[in-house]
Amino acid sequence: MGEKNPRWALGLLLAVGWLGAHRFYLGRHASAVAQLALSLLCAALWLWGGPAARYAPYLLGPIVFWLLRDGFWLFDYFRIEEDMDSRLSAFAQSQLDEQTSMPAAKAQVAAAPIPVSVAQPSVAAALPADPPPKPATDPQIDKKSLAIQMAQKHIGDALASQDVQTAHAEADTLVRYLAQRSRKPQSDPHLAMAYLLQGMTFYQTGQLDAARKKLQMGVHLGAAFAELAQPVQQAQVLLQRLRSPQMAPGGAALPALQPGQYPLLMQSQDWAQALTWCEQTIAMRQAGQDGDVHDLAQHHLHAMEIAQHLGDAERQRVHGQAVLALSLRDGGGVPAPMQRSALQQLGDLYQAQGEHRQANGYYAQALALVDLRSSGNAAAQALGLCMLLQRLASTHAALGETAQALQCWQRLALYLDSLDRLDQQGQRMPDPEAVSVMLADYAAFAIRHQPTRVKALVQQALRIQQRSCRGYSLAAARAYEVFANFLAAHGQTDARRSALKKALLLVQICDPDNSAHLLQLKTSIREAA
Amino acid sequence: MSVQGLFYAMPRHGLRALLVEPSAMDDYLQRSAEQGGPLAVLDQGSWWQQDMQRLPEIEPGVAVEGTLAQHCWAWPADMVNDSAQGLAAISASELVQRMHAWQKAQDGAPADIDALRHWVRRQAALRSFWQAAAQRRDAVLLYVV
């Protein structure tokens with residue numbers, strides 16, 4: 001099928017559309033013959049005269065309706081063509097620019113597998129670079145191949161940046177473009193490839209029903225083409241997996257993802273495999289020496305998160321130290337928020353292991369990196385700072401350094417006061433529940449060291465919860481529990497029982513499955529009685 | 001216009017959202033279970049107040065303000081469980097005694113047999129509703145309109 005002129009098509013539709021001329025012109029021979037036959041039948045009945053002529057007007061309606069519909073169809077047809085043409089020329093130009101501007105770099109990239117695995121989905125990487133094996137002299141086939149290459153690249157980029165909508169839109173555009181260009185879908189390997197690509201895109205983004213349909217269509221159309229054997233086989237493995245998801249032990253049936261796409265495994269909470277691939281990605285990045293410290297630090301932070309889910313403290317520590325080493329080695333290469341996150345997680349790790357001194361050191365370093373004047377949401381940054389101060393205070397308290405702990409709590413309370421004031425003025429507090437929990441924790445500390453402040457802190461925590469969720473929260477329950485402990489220390493049994501009952505009711509509402517907590521509160525109430 | 005008391009059983013995790021945003025309660029109760037609405041309903045008619053007075057085993061629920069109802073109370077799942085256990089422990093003779101005592105306190109006359117039968121039937125329905133809710137670990141609402 002050669003390039004079609006929209007003016008010719010429209011002219012034919014208006015002039016002799018009733019004969020199906022525009023459809024013949026666009027290569028839709030079967031429907032064109034049907035249109036022609038319908039019109040001829042109508043004309044024949046009319047000319048024949050007699051009783052048969054009465055039926056002719058009944059055929060006019062469908063013919064006119066079909067022609068009107070064809071008008072919209074032509075509009076869509078050429079819109080898709082023009083849109084794809086402009087995108088293809090831009091893509092071809094960018095490819096040429098890349099080749100001419102950095103031939104040496106290109107050779108290096110081709111040698112190292114890392115960027116390919118991260119930037120493109122496995123489906124894109126698995127498909128042949130130049131899918132149709134037919135001679136490349138036909139400009140139409142070149143165009144289809146180029147469209148597939150472009151879609152592969154764009155889908156790969158979109159998936160790497162977790163932009164699912166764009167990936168779906170790219171795959172859909174490709175299928176629509178190739179479907180309207182294929183006169184016989186059964187004899188077009190490009191269309192089969194487009195369906196396979198769309199199916200694999202759906203698979204990678206978790207839309208399994210849609211993936212199954214598209215993959216089945218791709219396998220059905222592509223099975224006849226030897227050059228599509230590899231992607232078809234890959235699609236069949238995926239289809240088998242979709243039929244019985246639980247039969248995917250280990251790495252045997254995971255051909256759809258590459259190590260660089262481990263964040264998708266994190267989303268599906270396949271932590272063990274995610275850690276393996278994350279570490280492979282880190283190793284490849286380190287071997288590649290491409291100097292992207294920010295990216296490498298991000299992978300280390302992901303590895304820390306995954307190791308935390310797996311309860312692997314040693315791995316978490318190793319990756320945390322790696323982020324710190326990167327920040328020291330490349331001075332400024334690792335952004336401060338990333339360093340702070342690593343330090344905070346390391347502090348949490350040591351704190352959980354009872355090594356308060358080391359935890360304290362990491363928290364203090366993290367605190368030094370907080371810059372409230374930097375760009376971004378000041379309230380969120382203040383909250384982050386408060387969380388660090390809270391951790392620092394608890395390590396000081398655990399080390400018996402009461403004065404330093406009190407200093408941290410007092411500093412934290414100042415920031416929380418300012419957040420509370422903003423909230424009262426109608427500006428949204430970033431995380432009211434976290435703020436109230438911090439105030440309740442301060443109150444718990446203050447029972448021994450600053451008893452005059454306890455009531456005010458508890459009231460402030462409850463006030464914030466009242467404003468944010470009518471007081472129905474676990475933070476409010478925590479505040480009541482702390483207040484009950486305070487009352488117990490002062491021998492006010494009835495008031496303590498009342499506070500505990502309020503805490504119990506809130507836990508019953510907000511955390512109905514936490515039977516241990518419920519039992520503990522009920523026991524306390526019975527004891528108080 | 002008579003006042004109607006309706007008990008609704010609902011998923012325990014959905015209660016907090018309704019308490020935080022009680023204006024959503026009326027829409028929620030209009031939905032069927034398939035549409036994400038309440039899982040079961042028991043209409044106690046205008047007798048709900050007498051029944052609640054005679055059954056102190058049902059602990060006082062959380063009063064919910066801000067709905068279209070005249071009154072609304074909620075019981076979280078744990079409280080429903082405790083109340084269902086209390087209701088299950090009431091014997092038939094205890095029930096009859098309570099009815100007589102209540103009637104005597106009202107007008108001094110003994111309760112007639114029809115009123116007694118009616119009370120026992122309602123109490124049985126209420127008890128099975130609370131026990132079914134407790135088995136599913138549901139929260140319960142009493143909606144008075």
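Trainee: At what angle do the axes of helix α10 and helix α12 of chain A cross?
Mentor: This is a predicted model. Helix α10 of chain A covers residues 189–204, and helix α12 of chain A covers residues 229–243. Their axes come within 11 Å, and the crossing angle is roughly 35°.

Trainee: Which hand does the crossing of α10(A) and α12(A) have, and what is the class make-up of the contact?
Mentor: The crossing is left-handed. On α10(A) the contact uses A:M193, A:L196, A:G199, A:M200 and A:Y203; on α12(A), A:P231, A:A235 and A:L238. By class, that gives no charged residues, 1 polar and 7 nonpolar.

Trainee: Which helix gives the largest share of the side of chain A that touches chain B?
Mentor: Across the two chains, 9 residues of chain A are in contact with 11 residues of chain B. On the chain A side, 4 residues come from one helix, spanning residues 493–510: α24 of chain A.

Trainee: How do the residues of that side of chain A divide by class?
Mentor: The charged class has 1 residue, and so does the polar class. The nonpolar count is 7.

Trainee: How many residues of α5(B) are buried?
Mentor: Helix α5 of chain B runs over residues 92–107. Its C-alpha span, first to last, is 23 Å, close to the expected 22 Å. B:G108 follows the helix, with a positive phi near 80°. α5(B) is hardly covered: among its 16 residues, the buried count is 1.

Trainee: Over residues 102–137 of chain A, how many contacts beyond four places in sequence does the model have?
Mentor: Chain A has a mean pLDDT of 81, with 86% of its residues at 70 or more. Over residues 102–137, though, pLDDT stays under 50. The contact count there is 57.

Note on methods. Residues are numbered from 1 along each chain as its sequence is written. Chains are lettered from A and ligands numbered from 1 in the order in which they are written. This is a predicted model: local features need pLDDT of at least 70, side-chain atom pairs count only at pLDDT 80 or more; totals for chains, interfaces and linings use all residues. Two residues are in contact if their C-beta atoms, placed from the backbone, lie within 7 Å. Helices (H or I, at least four residues) and strands (E, at least two) are DSSP runs, numbered from the N terminus. Ala, Val, Leu, Ile, Met, Phe, Trp, Tyr, Cys and Pro count as nonpolar, Asp, Glu, Lys and Arg as charged, and the others, Gly among them, as polar. The expected span of a helix is 1.5 Å times one less than its number of residues. A residue is buried if 20 or more other C-beta atoms lie within 10 Å of its own, exposed if 12 or fewer, and partly exposed in between; C-beta atoms are placed from the backbone. pLDDT is the predictor's confidence in each residue, from 0 to 100. Axes are lines fitted to C-alpha atoms, for helices over the stretch in contact, and angles run from 0 to 180 degrees between N-to-C directions. A crossing is left-handed if the near helix is turned anticlockwise from the far one by less than a right angle, and right-handed if clockwise.
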